[in-house]
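Welcome! Here is a short tour of some charged pairs and a helix in this model. Have a look at the structure first, and then read on.

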Amino acid sequence: MCGIVGYIGPRDATPIIVNGLKRLEYRGYDSAGVAVLNGDQIEVRRDAGKLSQLIELLEKSPIDGAPGMGHTRWATHGAPNARNAHPHLGQTKRVVVVQNGIVENFLELKDELTAEGVEFQSETDTETIVHLVEHYLATGIGLVEAARKTFNDIQGANVIVLMSADEPDKIVTARIGNAGGVVLGMGQDENFIASDIPAIMEHTRDVIFLESHQMAVVTRNTMTIETLDGAKVKPQVHSISWDPVAAEKGEYRHFMQKEIHEQARALTDTLAGRVDFANGKIRLPDLNLTEELAKKIDKIYITACGTAAYAGMVGKYLIEKIARIPVEVVIGSEFRYSDPILDDRTVVLAISQSGETADTLAAMEEGRRKGAIVWSIVNAIGSQAMRVADGYISMQTGPEIGVASTKAFTAPLVDQYMLAILLADLRGVIDEKTRRQLVSDLRLVPDLVGRTLEREDDVEVIAHALKDIRDCLYLGRGINMPIAYEGALKLKEISYIHAEGYPAGEMKHGPIALIDEHMPVICLAPKDPWHEKMISQIQQAKARGGIVIAVATDGDEVVKGMADHVIWIPESPWMLSPVVTVLPLQLLAYHIAALRGLDVDQPRNLAKSVTVE
Ligand code: AGP
């Protein structure tokens, strides 16, 4: 969602901010702007559309100086136009603000401010913030106290950055509520503020994460962190080791394509340090899972949104099969409203690439409120979902930039497989031979993934055949049923083709009515325990004239004899097969979208981190 970058130091702020915002483009946005202190005046440039438009504007009308801040906005209140774009100046033009989130009580605040004579220039909720700050400044207090009072007046989950031309030695920022992050980057005689690490990674690796209900006053040489009530906070400095090259597209046309191809490496990384192949053991130290705790668990709720939720559905199969613990998957946006039955024997396991998804965080909060054990599987290091959990598994895949999630889908499949083995081992429900076999199978993963991805050209041929379709059905069973959902989601989100994922056995209960000679049906038919069942499903689709594209295991003559097209995958242990079957579906969606000339990495209406409910 919205991206924020702030800079204070001796250099000109504009290029630092613009480059930082570029690194945050993956979060999705529909307008952008910067505000920089030039001499004694705050100057603002902002426009609707992509950063390239803002850059053009800055070329025509540059701003020198520092400090400064920039913002990419994903519209919630008011249309995505230049007037509503951030930053927002106050009436005096001496204070400027950017915000990520929603000021939930903005109508009330706006009424109060309007009654005082404030004239709003935009339709945004954010504008209330700057007017409130000015309202408090007018009482004679300084910027920090005016900001603190304002932050305390605001209801919602917000990140705010503001500065004043009258106190040019500081930027003030706050994190109110849980959604969205604030990273403070520590430089030499300069400091940075951002909503995510990639924005400032080229300048510093030493960062501080603001917690919820904290604010920071950032000068060139200091960072003072307090709670919104004024209690001093001793910051913890984290050193980030990501390679900046990992955030670049490199040889690929799109980040999504790069991230698909990174999966062999990403899955090696997710295994790193966790697997003891010699003894057939799994270690997940950050989960804080003891034998006592493992034996106490009587139910696991997996909660997540979108792709992460489909990963959780695969996790249900794995944990129930291997560790024999009942698992329920509840999507994040429903969890807290379903009044789940939770206690200290229940685990709430959240899965999230960004670790910032508002609905997933709210589900974790519900788990916390009801006394459950709260775990997370997260990619973004230091994100909220990682920090608030009792234990976590880091995906260790590096930043995912493409809005369509790929490597952050396969990593949690492997993470949940490892978790299932560890739980089974600690609960004593797995014999040594089976455990050793399951652990040993993990060795195969990077190679299986690499070999499947080498077949990209074959998938591209099918993409050419399908690029003009209007609808598509994806069918799968058992552990590969969620892969049908994920394949359909990938296609619809980046190619805008209507696609449905369905449990193949359900087809005859309704969706079969859709099948005719215009309907491609993608059937996941690897050699897994549901293989025979999938063969009958393929026959049913063929009998109605559907165009069947099967994903099948090398050498499967039966499927070959029935399907119109076959996407071949190497044979894999069935519990790890979803890691392989999803790859051609990612590639298919990617190539169809690329052939249609669409913006693969930033599809319309979508954001990488969905930080609003
Ligand atoms: C993935 O392709 C989607 N864009 C989306 O469903 C995403 O997986 C979902 O919003 C959850 O995000 P998270 O993993 O960051 O929590």
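Let us begin with Lys407 and Glu262, whose side chains meet in a salt bridge (2.7 Å, N to O). This pair links distant parts of the chain, with Lys407 in helix H13 (residues 407-427) and Glu262 in the loop between helix H6 (255-261) and helix H7 (263-271), 145 residues apart. Both Lys407 and Glu262 are buried. A salt bridge here is a side-chain nitrogen of Lys or Arg within 4 Å of a carboxyl oxygen of Asp or Glu. Buried means under 20% relative accessible area, exposed over 50%, and partly exposed in between (1.4 Å probe, protein chains only). Helices (H or I, at least four residues) and strands (E, at least two) are DSSP runs, numbered from the N terminus.

The model is predicted: local features need pLDDT of at least 70 and side-chain atom pairs count only at pLDDT 80 or more, while totals for chains, interfaces and linings use all residues. Residues are numbered from 1 along each chain as its sequence is written, and side-chain values use heavy atoms, leaving out hydrogens and water.

The whole structure holds 36 salt bridges, including these:

| Salt bridge | N to O distance |
|---|---|
| Arg148 and Glu226 | 2.6 Å |
| Lys467 and Asp468 | 3.1 Å |

Arg148 lies in helix H5 and Glu226 in strand S13 (residues 223-227), so this pair ties together parts that are 78 residues apart in sequence. Lys467 is partly exposed, at 23% relative accessible area, and Asp468 is exposed, at 61%.

Finally, nine of the eleven residues of helix H4 (residues 127-137) are buried, so H4 is largely enclosed by the rest of the structure.
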